[in-house]
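Here is a short note to read alongside the model. Take the points in order and find each residue as you go.

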Amino acid sequence: MADLTPLTPNSSFSLTLRLQIPNRVGMLASVTQAIATTGGNLGQIDLIEQTRKESIRDITVDAASTEHAETIVQAVKVLPDIKLLSVYDRTFNLHRGGKISITSRIPLRSVSDLAMAYTPGVGRICTAIAQDPEEVYNLTIKQNTVAIVTDGSAVLGLGNLGPAAALPVMEGKAMLFKEFAGLDAFPICLATQNTDEIIQAVKNIAPVFGGVNLEDIAAPRCFEIEQRLRQELDIPVFHDDQHGTAIVTLAALFNALKLVHKSLAEIRIVINGAGAAGVAIARLLRKAGADKIWMCDSKGIISTSRTDLTEEKREFAVKAQGTLAGALQGADVFIGVSAPGVLTPEMVQSMAKDPIVFAMANPIPEIQPELVDKNVAVIATGRSDYPNQINNVLAFPGVFRGALDCRAQTITTTMYLEAASAIASLVKPSDLDREHIIPSVFDERVVTAVAAAVQRAAREEGIARS
């Protein structure tokens, strides 16, 4: 059952209200009071225009949901003598026209520039690549470019929205590649959800790209798509919903376990959610040394007695049967990659001493941290407005930066383990506490550390080509 704890206002539901306000004592205060009373988080107030009688101001407000935003607007609308001139949603405004663009790396200022960058000079470059295909890495964008490929079948936690509705997420991903790792990435949203057609499409566009980031493709198809592309392409293929999530989760768990003085080998972990992320997390935790993992899906514990299991779920089937609540009794760690509100305070209280809770469902976690903060050793979420944000951006930019820089043919489990250790190591023992188990996504050391770890692993495994 979902809890009813109010969500924290945040910038993803941010509004700008343009108001005409009489220049009288207390009028602006009445606006701010109305916003505060309805639970809005007041941001910047800008004076746009002022006369002796009135002023026009833009007021920024963060809300917790679309419905909450409408409540705030209505509270301001009914204020006497205050005129609401316009309202705009800042998130929608930010996306207008798209979030990314392609720009030239070199200027074209003269005929001679054009003759070298395009015809006839470019013909010499084409010939050089035809004679030595490896030159494509030196003479084109391939060495620094990633394809972000989706079919729109599992967009965030929103479901099968299709390729067009997936595009804003892929644009955002491209921004993160550029901002954090200096990589050029481009969204490829495919108008098919057929496994063979997706694989063929990616193979057909592969000549342009140095790596492929699969994104928001539903399980179980995503497992086959990634596996076959890895076999059939000689460039790195990485399904971020699986492996990015797993890397950062393991990094966070490494540090959380230090706080409670437990080891991976001794603890029992319950993973709720058996899709792409849940399976990948379980696989990586097992590689890292965890052997007591109970996985649950919407029907409860993934038990050997069940007949409805996919191949991936059968990997983690246990003898135990029952519900999530039953699985959690005496468990040391809860990892949620599932649905809002499925975890209750009573379930957490039934866990072992010093429980660790990673409630990573987005945008609404499996349990609101406020409900169990005093009953857990550590709690983490996928949200930026709580401590301990477990976010894939800590992993995928550095993973690709490292893989492309050493021309790795593929990305391996050893790279995942090394990347997780590198992320965890950035939190010094003196800084490690229950609200700081993972570095910030804006920590500039992260990409460098992860890239170095990935390159080191690639060289040790003999899959680096430069």
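1. Start with Lys 173. Lys 173 is buried, at 8% relative accessible area. Buried means under 20% relative accessible area, exposed means over 50%, and partly exposed lies in between (1.4 Å probe, protein chains only). Lys 173 sits in helix 7. Helices (H or I, at least four residues) and strands (E, at least two) are DSSP runs, numbered from the N terminus. This is a predicted model: local features need pLDDT of at least 70, side-chain atom pairs count only at pLDDT 80 or more, and totals for chains, interfaces and linings use all residues. Residues are numbered from 1 along each chain as its sequence is written, and side-chain values use heavy atoms, with hydrogens and water left out.

2. What does the side chain of Lys 173 make a polar contact with? Its partner is the side chain of Asp 240, at 2.4 Å. A polar contact is a pair of N or O atoms within 3.5 Å; within protein, one must be able to donate a hydrogen and the other to accept it, and residues adjacent in sequence count only if both atoms are side-chain atoms. Leaving aside neighbours within four places in sequence, Lys 173 is in contact with Ile 148, Asn 213, Glu 215, Asp 240 and Phe 396. Contact means heavy atoms within 4.5 Å.

3. Glu 171 also belongs to helix 7. Glu 171 is buried, with a relative accessible area of 13%. Its side chain reaches the backbone nitrogen of Lys 99 at 2.8 Å. With neighbours within four places in sequence set aside, Glu 171 contacts Gly 98, Lys 99, Ile 100 and Pro 187.

4. Now look at helix 2, residues 66-77. Its 12 residues reach 17 Å from first C-alpha to last, close to the 16 Å expected at 1.5 Å a residue. The expected span is 1.5 Å times one less than the number of residues. The buried residues of helix 2 are His 68, Ala 69, Ile 72, Val 73, Ala 75 and Val 76. They lie on the same side of helix 2, because they cover an arc of only 160 degrees around the axis. That arc is taken from the directions from the helix axis to the C-beta atoms. An α-helix has 3.6 residues a turn, so residues three or four places apart point the same way.

5. What covers the buried residues of helix 2? The cover includes strand 1 (10-22), helix 1 (27-37), strand 3 (54-63) and strand 4 (83-89). On the other side of helix 2, Thr 66 and Glu 67 are exposed.

6. Helix 17 (residues 445-461) has 17 residues, which should span 24 Å at 1.5 Å a residue. Its end C-alpha atoms are 24 Å apart, so the two agree. Its buried residues include Val 446, Val 450, Val 454 and Gln 455. The buried residues of helix 17 pack against helix 7 (163-181), helix 15 (396-405) and helix 16 (413-425). Just after helix 17, Gly 462 takes a positive phi of about 75 degrees.

7. Next, the charged pairs. The structure holds 27 salt bridges. A salt bridge is a side-chain nitrogen of Lys or Arg within 4 Å of a carboxyl oxygen of Asp or Glu. One of them joins Arg 228 and Asp 196, with the closest N and O atoms 2.8 Å apart. Arg 228 lies in helix 9 (residues 221-232) and Asp 196 in helix 8 (residues 195-205), so the pair ties together parts that are 32 residues apart in sequence. Arg 228 is partly exposed at 23% relative accessibility, and Asp 196 is partly exposed at 46%.

8. Arg 306 forms a salt bridge with Asp 308, the closest N and O atoms being 3.0 Å apart. Arg 306 counts as buried at 17% relative accessibility, whereas Asp 308 is partly exposed at 35%. Salt bridges that share partners join Asp 196, Lys 203, Glu 224, Arg 228 and Glu 232 into one network.

9. Last, the nonpolar interior. A nonpolar core is a set of buried Ala, Val, Leu, Ile, Met, Phe, Trp, Tyr and Cys residues joined through side-chain atoms within 4.5 Å. The largest has 99 residues, and Ile 247, Ile 269, Leu 285 and Phe 358 touch the most other members. Helix 10 (residues 240-260) gives the most to this core, with 10 residues. Apart from it lies another core of 19 residues, among them Val 270, Ile 301, Phe 334 and Ala 359.
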